[in-house]
Amino acid sequence: MSWATSLGRFRRVRPSAATRAGVGRPRGRRRRNLLLYLLAFVIMLLVAAGSLVRFTGPQQPSVVADVIARAKAPRAAPPSGLTIPVAGVRADALADSWGQAREGGARAHQGIDIMAPRGVPVVAASAGTVERLFTSGAGGTTVYVRSPDRRWTYYYAHLAAYAPGLAEGAAVRAGQQLGYVGDTGNAGPGNYHLHFGMSRMRLGDGWWEGEAVNPFPLLVGGARRS
Ligand SMILES: [Zn+2]
């Protein structure tokens, strides 16, 4: 039954004999009203479902596509021969703090902490280009170095200061000084250490992106002492 016919019948029903006589009118009207309410309800449901599709539609496929693209992309082999990024620290002095709970379990530690006194030189674990010098609440004074093939980013955080002349865009050699061990960011006052992280990057990823990888096994297995 279309809207027009249903409305037409609704109108026609008024002057009918049955109505005037007071017979059958309440029940017929109630049924029609019930039908109209049902129809309105169904329309509302359809509109709600439509807006749900509109809000979740564009997001979900892009997230899924991103995960699929990442899974399909050829994975960069982990770099070998990394330099331990704090001067004078031996491989057997390193502790694996990857994955430890941080912020009361709100997140997992994505990197390792290398304890050292304040001011000890922080050096590049591997060669690359200084992609970003960044100050953040968590990391404090930080450096992001991108590997020459752009597949890896090395992250150095909580620095007391940068090495003189360090600038974005500058090429660095493995073992070259980047800065000094400090306690900036959320390290905690006096808790001097280098937070060192590394991320596997897709070529188009920005310096803040990438997939964090535990550097510990790479540093203790065949790492060079600086
Ligand atoms: Zn850390």
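Colleague: Leaving aside its neighbours within four places in sequence, which residues is Tyr156 in contact with?

Modeller: This is a predicted model, to be clear. In it, Tyr156 is in contact with Pro85, Val122, Thr142, Val143, Leu178, Gly179, Leu194 and Phe196.

Colleague: Which members of the largest nonpolar core touch the most other members?

Modeller: Tyr156 is one of them, along with Val86, Ile114, Val122 and Leu194. The core has 32 residues.

Colleague: Which elements give two or more residues to this core?

Modeller: Strands do: strand 3, strand 4 (121-123), strand 6 (140-146), strand 7 (152-162), strand 9 (177-181) and strand 10.

Colleague: And which strand gives the most?

Modeller: Strand 7, with 6 residues. As a general point, nonpolar side chains in soluble globular proteins tend to be buried together.

Colleague: Switching to strand 3. Which residues are on its covered face, and which on the uncovered one?

Modeller: Strand 3 covers residues 112-115. Ile112 and Ile114 form the covered face. Asp113 and Met115 form the uncovered one.

Colleague: How many bridges join strand 3 to strand 10, and do they run parallel or antiparallel?

Modeller: There are 4 bridges, and the two strands run antiparallel. Strand 10 spans residues 193-200.

Colleague: What is the bridge partner of Ile114 in strand 10?

Modeller: Leu194. Both Ile114 and Leu194 are in that list of core residues touching the most other members.

Colleague: Now the whole chain. How many helices and strands?

Modeller: The protein chain has 5 helices and 11 strands. Of its 226 residues, 24% are buried.

How values were computed: Residues are numbered from 1 along each chain as its sequence is written. This is a predicted model: local features need pLDDT of at least 70, side-chain atom pairs count only at pLDDT 80 or more; totals for chains, interfaces and linings use all residues. A residue is buried if 20 or more other C-beta atoms lie within 10 Å of its own, exposed if 12 or fewer, and partly exposed in between; C-beta atoms are placed from the backbone. Two strands pair if DSSP finds at least two bridges between them. A nonpolar core is a set of buried Ala, Val, Leu, Ile, Met, Phe, Trp, Tyr and Cys residues joined through C-beta atoms within 7 Å. Two residues are in contact if their C-beta atoms, placed from the backbone, lie within 7 Å.
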